[in-house]
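Me: I'm new to reading protein structures, and I'd like to go through one feature at a time. Could you put one up and walk me through it?

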Amino acid sequence: MKNIKCELGNFLKLCAAALCLCGFSSPAQARRVVSLMPSYTEIIFELGAEKDLVGVSNFCNWPPGAGKIEKTGDYLRPNIEKIYSLKPDTVFAGAWADASSSKQLSSMGVKVVSLSEEKSAADIFATVRLIAAELGRRREGERLVKKLSALMPHEPPAKPLKVYLEADAGGWTAGGQSFLSDAVRLAGGRNIFGGEKRGYFQASWEEVLLLDPEAVILLSGTEEEFLARPMAKGLAAAKAGRIITGLDRDAFSRPGPRLFSEIKKLRGLLYGKK
Amino acid sequence: MGKNKFLIFLAALAAACLFSLAAGPAGWSNYDIIINLRLPRTLAALAVGAGLGLAGALFQGVLKNPLSDPYILGTSSGATAAAVFCFLAGIERTSPVFFLAVFAGAFGATFLSYWLARLAGRLSDAALVLAGVAVSAFLSALVMLTLTSSGARSFSLFYFVLGGLYSVQPGVLIISSLIIAGSGVLAMARWRALDAMALGSENAYHLGISPERERILFFTLACASTSAAVAIGGTIGFVGLMTPHIVRRITGPSARALVPAAALGGAALLTAADAAGRSLFSPSEIPAGIVMALAGAPFFMWLLCKSSRGRA
């Protein structure tokens with residue numbers, strides 16, 4: 001407390017000195033922020049800090065306003081020159097995505113905030129808090145976390161359904177090290193590959209048949225295409241009519257704010273009355 | 001080639017089929033899985049492997065170049081590029097238009113390589129391989145450009161370009177198998193011409209064979225076979241390169257035995273590779289294209305070492 005008072009005192013003195021020098025007080029300078037991930041962009045908009053954004057990744061298409069902001073390449077290969085030319089004071093980058101470009105930017109004097117990969121809903125909240133803190137919007141961050149937590153279903157189902165989630169055709173699915181697996185859990189399902197200590201991998205179709213999921217979530221492709229695979233019609237999910245294609249692909253596959261309303265939607269699709 | 005030697009290939013083929021039918025997380029006693037899941041997939045691997053092995057033997061025979069195969073000559077890249085454009089245009093994989101387009105892509109790319117190589121004057125095999133590499137690289141870049149700039153379905157298309165047999169449509173399998181079998185029969189019927197070509201263009205000419213015409217004919221058969229294989233399983237490399245070399249050690253150089261043996265050998269090789277990819281890393285699946293590259297690239301290096309030592 002004493003420290004804060006002391007600092008406040010110093011600050012006031014400085015301000016007074018500045019006032020004396022210039023004769024007026026300049027408004028707080030606006031931040032210049034670049035976001036290299038669609039989920040970060042969506043979080044920044046939710047925090048009400050979209051005016052600070054001067055650059056986003058090529059994949060940032062939500063909310064609609066994000067489409068109008070300068071594009072700076074994709075998160076795996078950001079366009080360093082473009083980012084530098086936007087003169088940002090903060091760049092939000094995925095820690096796992098491209099360490100060398102982060103280093104390059106840092107060496108050019110740009111502040112890079114590397115956020116670790118989100119492997120669960122709790123990790124997404126941590127990212128929200130970190131971004132909020134960086135942007136000086138801690139209160140908005142807490143409010144957002146609270147709002148998103150409230151969206152999640154709170155009562156677990158009596159018997160969780162076994163769920164197979166296919167992120168992309170060809171059997172690309174999520175293991176336990178992925179936020180998608182956590183999203184399935186929060187929606188009241190049990191990812192059949194949740195025990196795999198990995199993020200994303202290509203599952204063998206035979207294994208899917210053996211584990212016999214009671215619900216299938218397709219983020220790409222149609223129900224007809226899925227049911228045309230060998231023996232797919234014999235799956236418990238197919239018999240129960242629980243081949244779910246109604247989720248918003250972008251919203252569900254990004255560790256951002258929109259995921260939580262999708263989780264709520266998924267709960268309804270899994271357990272809702274037909 | 002004696003009948004005994006042919007038995008070696010049939011035994012290898014039978015072993016690969018047994019492995020493919022018996023291997024998998026469900027074990028070897030689940031009748032449903034074996035009939036409905038592993039059998040169609042084994043048939044697909046057999047067809048693609050036979051098609052690529054056949055194409056490899058024909059290209060190597062016509063060009064007298066041990067390093068040529070559908071991948072190095074741009075044939076596969078042409079077929080893959082045509083297939084990707086068909087997918088984006090929404091053309092069904094079982095429609096005749098799709099097969100015609102894929103064949104046209106394969107033939108166009110091979111012919112472009114051929115034409116480029118001829119620009120230098122008399123066709124040299126080295127120039128053809130060089131032109132093939134250029135055409136292949138350009139088409140692969142075109143496919144990558146299309147994939148990175150096309151939105152939603154790009155990931156599944158990526159998977160197709162990588163090569164694998166995860167999902168095979170029965171209709172595509174039937175049509176492709178017929179094309180591959182037809183090309184094989186036509187090629188075997190002309191084994192004498194292929195052998196004559198091996199003696200060099202001039203000698204072939206003296207034997208009453210027009211090298212130019214035969215070359216186009218065998219190119220057409222190899223392209224048809226390659227494009228049918230690509231239609232099923234995307235870009236799978238090294239089968240066409242490796243198989244003729246392995247089987248030649250047993251059959252000797254005559255096309256009469258080499259061509260059918262390469263088809264059988266290619267079928268066995270890819271069937272075993274696909275079975276290994278889907279059973280060794282369960283519950284993950286490694287696409288057959290990656291398994292083949294893992295096995296094939298070292299083979300390619302060995303081949304290069306051997307041929308450079310032979311020259312020294």
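What follows is a chat about reading this structure.

Me: What should I know before I start?

Reply: This is a predicted model, so local features need pLDDT of at least 70 and side-chain atom pairs count only at pLDDT 80 or more, while totals for chains, interfaces and linings use all residues. Residues are numbered from 1 along each chain as its sequence is written, and chains are lettered from A and ligands numbered from 1 in the order in which they are written.

Me: How many bridges join β3 and β4 of chain A?

Reply: Strand β3 (residues 90–94) of chain A pairs with β4(A) over four bridges, in the parallel sense. Look for Phe92(A), whose bridge partner in β4(A) is Val113(A).

Me: What are the domains of chain A, and which element gives the largest share of domain 1's side of the contact?

Reply: Domain bounds come from an automatic or database domain assignment. Chain A has domain 1 (33–151) and domain 2 (161–271), and their C-alpha centres lie 28 Å apart. Two residues are in contact if their C-beta atoms, placed from the backbone, lie within 7 Å. By that rule, 15 residues of domain 1 of chain A touch 14 residues of domain 2 of chain A. On the domain 1 side, α2(A) gives the largest share, five residues.

Me: And how many residues are in contact between chain A and chain B?

Reply: There, 19 residues of chain A are in contact with 18 residues of chain B. On the chain A side, α8(A) gives the most, with five residues.

Me: Is helix α3 of chain B buried or exposed?

Reply: A residue is buried if 20 or more other C-beta atoms lie within 10 Å of its own, exposed if 12 or fewer, and partly exposed in between, with C-beta atoms placed from the backbone. In α3(B), eleven of the 14 residues are buried, so the helix is largely enclosed by the rest of the structure. Among them are Thr75(B), Gly78(B) and Cys86(B). Just after α3(B), Gly90(B) takes a positive phi of about 80°.

Me: Which residue has a positive phi although it is not a glycine?

Reply: One of them is Phe238(B), at about 75°. Phe238(B) sits in the loop between α10 (211–233) and α11 (239–251) of chain B, and it counts as buried because it has 24 C-beta neighbours inside 10 Å. Met231(A) also has a positive phi, about 65°, without being a glycine. With 16 C-beta neighbours inside 10 Å, Met231(A) counts as partly exposed.

Me: Where is the cis peptide bond?

Reply: The bond from Trp62(A) to Pro63(A) is cis, with omega near -15°. Pro63(A) is in the loop between β2 (53–56) and α3 (80–85) of chain A.

Technical notes. Helix = DSSP H or I, 4+ residues; strand = E, 2+ residues; numbered from the N terminus. Pairing = 2+ DSSP bridges.
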